[in-house]
Amino acid sequence: MRFGVLGTGWVGKAIATKLVEVGHEVRLGSRHTDSPVVAQWVKENGDRASGGTLADAAAFAEIVFNCSAGLGTMEALEAAGANNLADKIIIDLANPVIASGRIEPPTLDIANIDSLGERIQRRYPASRVVKTLNTINFNVMVNPGLVPGDHVVFVSGDDQEAKDQTAAILGEFGWPADRIVDLGDITTARGVEMYIGLFSRLFLKYRHVNFNITIVQDPDAVPILPLDS
């Protein structure tokens with residue numbers, strides 16, 4: 001498939017590189033026309049790698065990864081172009097973190113009654129937004145084997161087919177199907193975005209980022225809510 005990756009930071013480059021490694025064509029998109037970061041990434045990743053602007057990457061893609069910084073996401077998607085995003089899956093990895101420049105627990109610009117994932121879906125109703133991978137470090141995103149055990153990744157979105165396609169891509173990254181947890185519609189992105197507060201506390205405790213969480217259930221537990229609630 002053809003993928004567009006919006007954002008040239010650590011997350012964007014990790015995702016773009018992994019997609020090339022597993023056999024896809026990838027265009028890495030930057031805000032700048034002649035980005036040296038993009039040029040170097042293309043040089044390092046062979047014939048299936050290309051670069052361009054955010055609009056170039058979105059137009060090229062069948063599926064778009066949003067790896068832009070959270071507070072700049074809406075601006076980045078605007079630059080990518082609504083027409084270039086229409087009828088496509090947008091896999092959103094961003095967290096709306098207000099960066100302070102210091103090592104401390106972050107503050108979220110969006111929380112509680114909204115999420116970045118929801119804002120993207122509202123702004124681009126012709127696209128299908130899936131929130132995923134934002135609860136883990138970029139190294140673990142593309143190499144879950146860095147962390148032992150049955151740790152999990154979450155997906156949120158309104159379109160089941162889009163979530164299924166996203167899960168298939170996660171499978172190519174190394175995530176087994178039984179460790180991909182579908183939380184439900186796009187409003188569930190609120191929970192995974194707010195998780196960044198706990199992630200940051202765990203980082204400050206352990207002083208590294210190669211960790212994740214798992215879910216352990218009582219096998220005999222009886223649901224106390226109807227399944228469609």
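Biologist: Let's start with strand 9, helix 8 and strand 10: what kind of unit do they make, and of which hand?

Modeller: Keep in mind that this is a predicted model. Helix 8 covers residues 160-173, and four bridges join strand 9 to strand 10, which run parallel. Strand 9, helix 8 and strand 10 together make a right-handed β-α-β unit.

Biologist: Which residue in strand 10 stands opposite Val 155?

Modeller: Strand 10 spans residues 180-184. In strand 10, the residue opposite Val 155 is Asp 182.

Biologist: How many of the residues of strand 9 are buried?

Modeller: Take the two faces in turn. In a regular strand, side chains alternate between the two faces of the sheet. On one side of strand 9, Val 153, Val 155 and Gly 157 are buried, and on the other Phe 154 and Ser 156 are too. For strand 9, residues 153-157, the count is five of five.

Biologist: Over to strand 1: why is it largely enclosed by the rest of the structure?

Modeller: Strand 1 is made of residues 2-6. Strand 1 is largely enclosed because the number of its five residues that are buried is four.

Biologist: Which residue is the bridge partner of Phe 3 in strand 2?

Modeller: On the strand 4 side, Gly 4 stands opposite Val 64. In strand 2, the partner of Phe 3 is Val 26.

Biologist: Is Thr 8 buried, partly exposed or exposed, and at what relative accessible area?

Modeller: Thr 8 lies in the loop between strand 1 and helix 1. Beyond its neighbours within four places in sequence, its contacts include Lys 13, Leu 28 and Val 38. Buried would need a relative accessible area under 20%. Thr 8 is therefore partly exposed, at 22%.

Biologist: Which elements do the buried residues of helix 6 pack against?

Modeller: Helix 6 runs over residues 116-123, and its buried residues are Leu 116, Gly 117, Glu 118, Ile 120 and Gln 121. Those buried residues pack against strand 4, helix 4, strand 5, strand 8 and helix 9.

Biologist: How far apart in space are Leu 198 and Pro 105?

Modeller: Leu 198 sits in helix 10, residues 196-206, and counts as partly exposed at 46% relative accessibility. Leu 198 and Pro 105 are 93 residues apart in sequence. From C-alpha to C-alpha, their separation is 8.4 Å.

Biologist: What radius of gyration does the whole chain have, and does that agree or disagree with a compact globule?

Modeller: The chain comes to 10 helices and 10 strands, and 46% of its 229 residues count as buried. Among contacts between residues at least 6 apart in sequence, 72% join residues at least 24 apart. A compact globule with 229 residues would have a radius of gyration near 17 Å, so the chain agrees with its own value of 17 Å.

Biologist: Which feature does UniProt place at residues 3-96?

Modeller: The span of residues 3-96 is 44% helix and 24% strand, and its end C-alpha atoms lie 23 Å apart. According to the UniProt record, an unreviewed entry, the feature is "domain: Pyrroline-5-carboxylate reductase catalytic N-terminal".

Technical notes: Residues are numbered from 1 along each chain as its sequence is written. This is a predicted model: local features need pLDDT of at least 70, side-chain atom pairs count only at pLDDT 80 or more; totals for chains, interfaces and linings use all residues. Side-chain values use heavy atoms; hydrogens and water are left out. Buried means under 20% relative accessible area, exposed over 50%, partly exposed in between (1.4 Å probe, protein chains only). Helices (H or I, at least four residues) and strands (E, at least two) are DSSP runs, numbered from the N terminus. Two strands pair if DSSP finds at least two bridges between them. The radius of gyration is taken over C-alpha atoms; the globule rule is 2.2 Å times the number of residues to the power 0.38. Contact means heavy atoms within 4.5 Å. UniProt positions are given in the numbering used here, feature names are shortened, and annotations may be inferred rather than shown by experiment. A crossover is right-handed if, with the strands pointing away from the viewer, the path from the first strand over the helix to the second runs clockwise.
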